[in-house]
Amino acid sequence: MHQALYRIWRPGIFDDVVGQEHITTTLKNEIAAGRPAHAYLFIGSRGTGKTTCARIVAKAVNCLDAQNGNPCGQCEMCRGIDNGSLVDVVEIDAASNNGVDNIRDLREEANFLPNAAKYRVYIIDEVHMLSVSAFNALLKILEEPPSHVLFVLATTEVHKVPATILSRCQRFDFRRIDSGVIAGRLQQVAEGEGFRLDEDAAMLIARMADGGMRDALSIMDLCSSYNRDITVDTVSQATGLVAQDYLFKLAEAAHARNTGEFLELVGQAGQSYVEYDRLCEQLIGHYRNLMVAKSSKKPEDLIVCLPEVLEQYKEQARRFPVAEILQTLTILQETLGAMTRTTYRRTELEMAAVRICELRGQTAAAEIADTSMLEGRLAALEQRLVSGAAVAAKPVQQEVKAPAAPPKAEPAPKPAAAADAAVTPFAEWPQVLTVLSKTNIPLSGFLVSSRAYFQGNRVLIDCRNSMFLDLVRNNQKAKDDLKKAIAQVTGQNYGIGPYNGGAAAEENTQEPTNPVDALLSNAKAAGIPIEVK
Ligand SMILES: Nc1ncnc2c1ncn2[C@@H]1O[C@H](COP(=O)(O)OP(=O)(O)O)[C@@H](O)[C@H]1O
Ligand SMILES: [Mg+2]
Ligand SMILES: [Zn+2]
């Protein structure tokens, strides 16, 4: 049977424990001087070496041939502890033995001299899981420990350990291990196992493990089952990551509003058996990284990737407006949610692609508004003219038809003639949101990734967030703030109302001619409700 790498490669002496020198040096010194504490408390996140060090302590204090505080690993004590046959060393998992009875038994037993070893060592893992009465029982022994007893308590959640216990222990904080240090240890293990491990691959695994050696070894274990020659590609493959290049390309297509390219890339992913929800998650991760690269002073602390990839993030983030990144994230998150409720995951992702590619034009305008309100207003007016022209040129995609739309037989429908029925896109809507983000933050939050349309002297708002409608219905201030923001951007007073699209999709019976139309008709065939806007 395959034995997990992290078990095979558990360090047997302090000198093989990496990244925790501040702890291992002190322990070695105390043990070499023959003065170990009665109780140690090891704190730290999982896979950083707590259990490992606890076992080394147990061996080192009992070893018949210790060297500078390190156990020899060969004597009968060391071997007895390694194979679990030495009854004087007891490991208790407090997660499953958390009752007072367990600790009372321990207390009785602790009074007896050890069987064969010098010290009875009790290793209590996940000690924060003990019940209150068990803690009290434990405290009694810690208050007057027999000289032949040594405790090593370990926990990931020190705040759940009573202060009375803490004050009786010598405390050590295990750090998350530096990526470079993890990568070095991975190389050592790879060599021992006869794998070839690329430096880049080691670094990538280390970063994914986020400071935990155990996770790093598990990831490498998984990779080696794919290929004993481990490259960055192997890591991507084994962990189900699509290549980072691919995510950059997707984001680039979205930024260029190239829906066709985006959909093609999604299609490619499908051919290589990538799961669409996984892809969506990774795309969320990508935009999250862009956001971090844009806003954090030290993005390298928050982004798991290679240094050259970090540069790529920074470069892409520089070119992408914040609003575009945030709105894309919102859409992707909605999409991921929707994916849990449908089997048509691909279609969900494709619809997201269309929405994201549409965003770009809006956010560009929002960015302008951000820099200068007045300039922005002019630009927006211009843009409205431009998009008005676009409506005339490409009615099927851009135009939203009012319920009373022309009959189906008519080939290229023109914008409806009746003024009060015509609905046109409100191109400068993102600027309204920018104004609102200063005057009414909650309202602007609900409106993220909403759209709006003009109809006569009203602005119709299409917002998927139901809290928005509640707020506008029941809160006069919200209504006023919204109207004021619209007036500020357009220079005109409008009434507001909800937009209820959808009818338009029903009426589009034309043969699909481009990827977007093909997608829309697929979605319709799959029974997924969508709206053409
Ligand atoms: N500091 C470390 N140096 C070397 N290997 C480590 C270190 N920390 C953890 N490991 C590896 O991870 C495995 C699990 O570590 P363990 O000590 O059980 O972690 P925990 O802190 O969760 O108790 C070990 O068997 C070992 O292979
Ligand atoms: Mg442990
Ligand atoms: Zn020994």
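This is a predicted model: local features need pLDDT of at least 70, side-chain atom pairs count only at pLDDT 80 or more; totals for chains, interfaces and linings use all residues.

Student: At what angle do H14 and H15 pack?

Tutor: H14, which spans residues 276-295, and H15, which spans residues 307-319, pack at about 80 degrees, and their axes are 8 Å apart. Angles from 65 to 115 degrees count as roughly perpendicular, and H14 and H15 are therefore described as roughly perpendicular to each other.

Student: Which residues meet where H5 packs against H6?

Tutor: From H5 come Val-100, Asn-102, Ile-103, Arg-104, Arg-107 and Ala-110, while H6 contributes Ser-133, Ala-134, Ala-137, Leu-138, Lys-140 and Ile-141. By class, that contact has seven nonpolar, two polar and three charged residues.

Student: How are the axes of H5 and H6 arranged?

Tutor: The axes of H5 (residues 100-110) and H6 (residues 132-143) lie 8 Å apart, and the angle between the helices is about 15 degrees. This makes H5 roughly parallel to H6, because angles under 35 degrees are counted that way. The crossing in which H5 passes H6 is left-handed.

Student: Is the crossing of H8 with H9 left-handed or right-handed?

Tutor: H8 passes H9 in a right-handed crossing. The axes of H8 (residues 179-193) and H9 (residues 199-209) come within 8 Å and cross at roughly 125 degrees, which makes H8 oblique to H9. On the H8 side, Ser-179, Ile-182, Ala-183, Leu-186 and Gln-187 take part, and they meet Ala-202, Met-203, Ile-205, Ala-206, Arg-207 and Ala-209 in H9. Eight nonpolar residues, two polar ones and one charged residue make up this contact.

Student: Now for the ligand: how many residues surround ligand 1, and which are the closest?

Tutor: There are 22 residues around ligand 1, and the closest are Arg-10, Gly-49, Lys-50, Thr-51 and Thr-52. By class, this shell has eight nonpolar, eight polar and six charged residues.

Student: Which helices and domains supply the shell around ligand 1?

Tutor: At least two residues of the shell come from each of helix H1 (5-8), helix H3 (50-62) and helix H10 (213-226). As for domains, domain 1 (5-173) and domain 2 (179-239) each give at least three residues to the shell around ligand 1.

How values were computed:
Residues are numbered from 1 along each chain as its sequence is written. Chains are lettered from A and ligands numbered from 1 in the order in which they are written. Axes are lines fitted to C-alpha atoms, for helices over the stretch in contact, and angles run from 0 to 180 degrees between N-to-C directions. Helices (H or I, at least four residues) and strands (E, at least two) are DSSP runs, numbered from the N terminus. Angles under 35 degrees count as roughly parallel, over 145 as roughly antiparallel, 65 to 115 as roughly perpendicular and the rest as oblique. A crossing is left-handed if the near helix is turned anticlockwise from the far one by less than a right angle, and right-handed if clockwise. Two residues are in contact if their C-beta atoms, placed from the backbone, lie within 7 Å. Ala, Val, Leu, Ile, Met, Phe, Trp, Tyr, Cys and Pro count as nonpolar, Asp, Glu, Lys and Arg as charged, and the others, Gly among them, as polar. A residue is near a molecule or strand if its C-beta atom, placed from the backbone, lies within 6 Å of it. Domain bounds come from an automatic or database domain assignment.
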